[in-house]
Structures are given as C-alpha cells and as structure tokens.
Amino acid sequence: MALSGKAETALSINVSAARALQELLKTNLGPKGTMKMLVSGAGDIKLTKDGGVLLREMHLQHPTAAFIAQAVAAMDDTVGDGTTSAVLIIGELLKQAHRYISEGIHPRVIVQGLELAKEEAISCLEELWEDEDNSIREKVVRTSLRTKVHPELADRLTELVVDAVTSIYHYRQPIDLNLVEIMEMQQQTDCDTILVKGLVLDHGARHPEMKKRLEDAYILTLNVSLEHEKTEVNSGFFYKNVEEREKFVKAERQFIEERVKAIIALKRKVCGDSDKGFAVINQKGIDPMSLEMFVKEGIVALRRAKRRNMERLPLACGGLAVNSVEDLTEECLGHAGLVYEETLGDSKYTFIEKCDNPQSVTLLIKGPNKHTITLIKQSIRDGMWAMKNTLEDGAAMPGAGAVEIRIGSELLNNRIAKVKGCARFGFQAFADAILIIPRTLAQNAGYDPQEIVSKALSREQQTTLPVGIDLSSGELIVDWETPVWDNACVKHQLIHTCTAVASNLLLVDEIVGTGMTSGKK
C-alpha cells in the first residue's frame with residue numbers, strides 16, 4: 001500500500017537527516033578512522049574522533065538529526081561506547097527500509113520485521129560470549145583506546161586504566177568510576193602520563209617554611225575551621241573600653257588555639273620521637289598563626305581542599321574524615337608512605353603516594369598542549385568504561401566486525417526462513433544494515449569493502465569460529481589469537497537502541513511544528 005504524500009515527505013526528511021549524520025561520522029569509525037576539528041564561536045579548537053563528544057558538541061539544527069544524537073548520547077551515558085556505530089546502523093536501517101517502503105511495503109510491516117530480526121540478533125550474541133580474564137580485560141581496553149589515540153600511547157594508557165579500575169573494584173559490587181580522579185599537568189609528553197596509587201591535590205602548603213616532603217606519614221582528614229569566621233548574620237559589638245575588646249579578641253584566639261593544640265597533641269602521641277611525618281588536610285581555612293604553630297611542630301597543613309578530595313582521602317589513605325577535634329583518636333588517622341609537593345610554573349601540586357591498599361587512585365595526565373590533554377582525557381574515560389563493563393559483564397565479545405558478520409550471515413542464511421509474509425523485508429533490511437560496520441571499517445583502512453565483506457561472509461559459512469577483519473593487512477581473522485575484543489553490553493545496547501530509534505522514525509507520518517501560532521495571543 002502506497003503512503004500518503006505527507007507520510008512520504010516525512011519519511012524522506014527523516015531518512016535524509018539520518019543519512020547525512022551517518023556520512024558525517026562514517027569516516028571516524030575504527031582505529032583507522034580520521035578526526036574532526038570542532039571550532040567554537042569563540043575560536044576554541046578541539047580535535048576528536050569520539051562519536052559521543054561530536055554528537056554533544058555539534059550544533060545540529062535538523063530535528064531528526066538532533067533526535068538521533070540525543071538517543072545515541074543517552075547510550076553513551078549508559079555504557080560509555082558505541083556511539084559512532086549506532087549512528088551508522090540507524091542511518092543504514094532507514095536507508096534499507098526506505099528502499100522497501102518505496103516499493104509499496106507498509107512501514108508497520110517493516111518495523112515488525114526489524115523487531116523479529118532484533119530478537120534473532122540478540123540470540124546470536126549469546127553464542128559469542130567469552131568469559132573474561134586478565135588478558136581479555138587488557139584486550140578490550142586496548143581495543144577501545146586504539147580507536148581514539150595512536151597505538152604507542154594506547155598501549156601505555158591500557159596498563160594505567162586496567163590498574164586504576166582494578167584498584168577500586170570489589171568483587172560483585174558496582175564500580176564507581178568517580179573514585180578514579182583525573183588530574184592534568186601541562187608538561188612533558190603524552191606517554192609520560194602516570195597512575196598515582198593515592199591522591200594528587202592541585203594546591204600546596206601556604207607557609208614558606210613548611211616541609212616539602214614527608215615519608216611514612218600519618219594523614220589527618222579534617223573539616224574544622226582553624227581561623228576566625230564571620231558570623232552568618234550582620235552584627236556589631238560595642239565595647240565600653242579597650243580592655244573589654246582585647247579580652248574578647250584573646251578569648252576568640254584561645255578558642256582557635258585549643259583546636260590547634262588538640263591536633264598537635266595527637267601528633268606527639270602517635271609520632272613520639274620517631275621520624276614519622278604528620279599531614280593535616282583541611283576542607284576549611286587555617287589562619288597564619290595556626291600555620292606557624294604547625295610549622296614549629298613539623299606538621300604539613302593544607303587548607304581549603306576540595307570537597308571531592310576530602311571524600312577520596314579516607315578511601316585512598318584510610319582513617320576517617322573528622323568534623324570535630326574533641327573526638328580525635330589514632331583510628332581517625334590514615335597513612336601514606338610519601339607526601340611531597342611539586343611546583344609547575346605558578347601552580348603547586350601535593351602528591352600523597354604509597355598508600356596501603358588504596359580504594360581511590362589518581363590518573364595524572366601529562367601532555368605538551370591543551371589539545372593533547374583533552375584527547376587523552378576523553379580516551380581514558382572510554383577506556384575506564386570498557387574496563388568497568390568487562391568486569392561487570394564477566395565476559396567480552398570478538399571485535400574487528402566479527403559480531404556483525406556473524407549476525408548478518410546467520411540472519412540471511414539460517415534465520416530468515418522462520419519469518420512469514422512481508423515482515424521478511426524488514427528482516428532482510430536489518431541483516432543488510434548490520435554489515436555497514438565491517439564495510440566501513442574496511443573502507444576507512446583503505447581496502448575494498450565489498451570484496452572483504454563478501455570473503456568474510458563466505459568464510460563464516462565454513463567455520464564455527466567468528467570471522468573478523470585484520471585492518472593492518474586486509475586479511476580475515478579466523479584463529480582469534482587477536483587483541484581485538486569488544487564489550488558484550490555495548491553490542492546488546494547497540495542492537496536495542498538502533499532498532500528502537502529506526503522503528504520510531506519509520507512510523508512518523510507527518511512532521512508538525514509546535515508553539516504559539518500567529519492567531520493566538
């Protein structure tokens with residue numbers, strides 16, 4: 001049954017927008033993909049090939065393109081990867097479906113076929129699960145990172161990301177990636193990025209004579225004001241004479257000194273005559289007189305630490321965050337093997353390292369310029385998501401287009417016989433569309449996509465092993481002694497999201513503007 005004029009127009013608009021977005025991101029897919037330069041209105045430049053960043057940063061005026069971008073960005077927030085692949089598959093699904101609809105097949109029938117194909121594709125995924133181990137984890141993270149940065153840097157970052165996420169991982173418990181702090185230092189080269197098994201604070205001590213280095217140090221995490229604070233309401237005092245004012249100032253000073261003396265007493269109790277260090281990290285202020293008292297006792301004191309660091313400190317060093325000096329005990333103290341200060345230009349950084357069994361760590365990104373640091377930061381985020389997904393799934397899947405080739409081959413050759421009626425056209429559209437991933441991977445690497453995908457589909461019929469594409473040589477991968485592995489949950493989410501978005505767009509029969517009309521006031 002032919003569509004009405006309005007429905008045909010709406011479908012053409014949606015397909016055109018999806019195809020345009022597909023063409024825009026197509027060249028970014030895979031380790032051989034190219035990059036995009038994003039230029040803001042203020043002239044700021046950002047180089048990236050990350051689909052999630054591109055979809056968020058680009059100004060998309062077309063409503064259909066914006067709809068696809070929002071749906072795919074939501075997937076990026078859920079599993080942290082698969083954005084470029086999702087845009088490609090959605091565009092290809094709409095293209096294939098539009099071909100059948102233009103021949104008179106109703107969109108509702110096509111959507112039924114897509115849903116059946118989705119269920120069969122999910123069942124194909126169950127055959128490809130591989131239980132994760134240490135080597136598989138590294139391969140999944142390396143695969144993710146190599147699509148974002150050059151191989152040498154990807155290998156370096158893989159070690160750091162695996163180590164960082166493993167440090168905060170507890171068996172069968174959700175992983176909070178916020179426990180991995182990402183700090184930036186604009187110096188040296190990108191391969192000098194390091195993992196600190198502890199915390200890096202982006203400020204230093206405020207007294208010139210305070211020690212710059214402590215070894216075997218106790219760490220006191222404090223949230224107590226050690227300075228005069230203004231009252232919350234505007235108030236004034238009237239004194240009868242100078243003696244009364246001096247008495248008031250002395251009493252106020254004594255109140256602060258008692259707090260400082262309580263901390264000093266704890267330091268003397270735990271350190272005694274030993275060479276052990278003692279550091280105080282305070283979320284609130286410390287006045288100069290209190291700093292002077294700490295210096296005389298050999299205590300390193302940092303003031304106005306960020307709240308997120310105060311939450312991470314007890315996790316990294318142990319101990320408790322203390323809100324009052326009245327209940328100070330030795331159990332409140334954490335421990336670090338090394339505390340030292342490093343100066344870079346006008347900025348000071350305090351490193352708290354060699355912590356015992358840290359539950360929070362810091363990835364310190366180094367690079368020669370802002371562009372490099374931003375690129376590494378985005379790549380590390382994707383790498384940590386890949387590691388998180390692998391640990392939580394307990395499994396991984398072959399990459400290099402192997403999953404898509406298996407699904408396409410299985411649907412076209414074995415599963416399509418189950419489908420009756422015109423829904424087969426929707427089923428066929430899904431099977432053809434999923435192969436856009438291996439075709440694009442081959443094309444971006446400079447090979448003939450039709451020839452390679454045809455070879456892969458033929459080989460898939462002859463073996464039970466998954467068949468992928470080696471982008472460095474253009475040959476097929478069949479033995480799976482390969483470093484290319486993907487997250488299982490990303491593949492699941494990819495199939496669900498693409499089918500849902502494409503189905504919704506196919507069922508749109510009219511595009512209507514909303515808002516105040518000129519006739520209404």
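Modeller: Happy to. In this predicted model, the largest cavity is lined by Ala205, Lys211, Lys212, Arg213, Leu214, Val300, Leu302, Val339, Tyr340, Glu341 and Thr350. Strand S7 (213-222), strand S9 (300-302) and strand S11 (334-344) are the elements that each give two or more residues to this lining. Of these, S11 gives the most, with three residues. The volume of the largest cavity is about 60 Å³, and the count of cavities of 30 Å³ or more comes to two.

That brings us to the other one. The second largest cavity has a volume of about 40 Å³. Around the second largest cavity you will find Val403, Glu404, Ile407, Ile434, Lys491, Leu494 and Ile495. Here the elements that give two or more residues are helices: H12 (402-415) and H16 (488-506). The lining of the second largest cavity holds five nonpolar residues, no polar ones and two charged ones.

Helix H12 deserves a moment of its own. Because 11 of its 14 residues are buried, H12 is largely enclosed by the rest of the structure. The buried residues of H12 are Ala402, Val403, Glu404, Ile405, Arg406, Ile407, Gly408, Ser409, Glu410, Leu411 and Arg415. Among these buried residues are Val403, Glu404 and Ile407, and Val403, Glu404 and Ile407 also line the second largest cavity.

All six residues of strand S13 (residues 361-366) are buried, so S13 is largely enclosed by the rest of the structure. You can follow this on both faces of S13: Val361, Leu363 and Ile365 are buried on one side, while Thr362, Leu364 and Lys366 are buried on the other.

The neighbours of S13 come next. S13 belongs to an open sheet of three strands, in the order S4-S13-S5, with mixed pairing. S4 and S5 are the edge strands, each pairing on one side only. On average, neighbouring strands of this sheet are turned by 25° against each other, direction ignored.

If you want to trace the pairing residue by residue, begin with strand S4 (residues 180-185), which pairs with S13 in the parallel sense over six bridges. There, Val180 has Val361 of S13 as its bridge partner. Strand S5 (residues 194-196) runs antiparallel to S13 and is joined to S13 by three bridges. Leu195 is partnered with Leu363 of S13, and Ile194 has Leu364 of S13 as its bridge partner. Helix H11 (residues 370-393) packs on the sheet, where H11 touches S4 and S13. The direction of H11 makes about 145° with that of S13.

Technical notes: Residues are numbered from 1 along each chain as its sequence is written. This is a predicted model: local features need pLDDT of at least 70, side-chain atom pairs count only at pLDDT 80 or more; totals for chains, interfaces and linings use all residues. Side-chain values use heavy atoms; hydrogens and water are left out. On a 1 Å grid over the protein atoms alone, a cavity is a set of points where a 1.4 Å probe fits but cannot get out, and a pocket is an open set with protein on both sides within 12 Å along at least five of seven lines; lining residues have an atom within 4 Å of a point. Grid points are joined across faces, edges and corners, and a volume is the space filled by probe spheres set on the points. Helices (H or I, at least four residues) and strands (E, at least two) are DSSP runs, numbered from the N terminus. Ala, Val, Leu, Ile, Met, Phe, Trp, Tyr, Cys and Pro count as nonpolar, Asp, Glu, Lys and Arg as charged, and the others, Gly among them, as polar. Buried means under 20% relative accessible area, exposed over 50%, partly exposed in between (1.4 Å probe, protein chains only). Two strands pair if DSSP finds at least two bridges between them. Axes are lines fitted to C-alpha atoms, for helices over the stretch in contact, and angles run from 0 to 180 degrees between N-to-C directions. Contact means heavy atoms within 4.5 Å.
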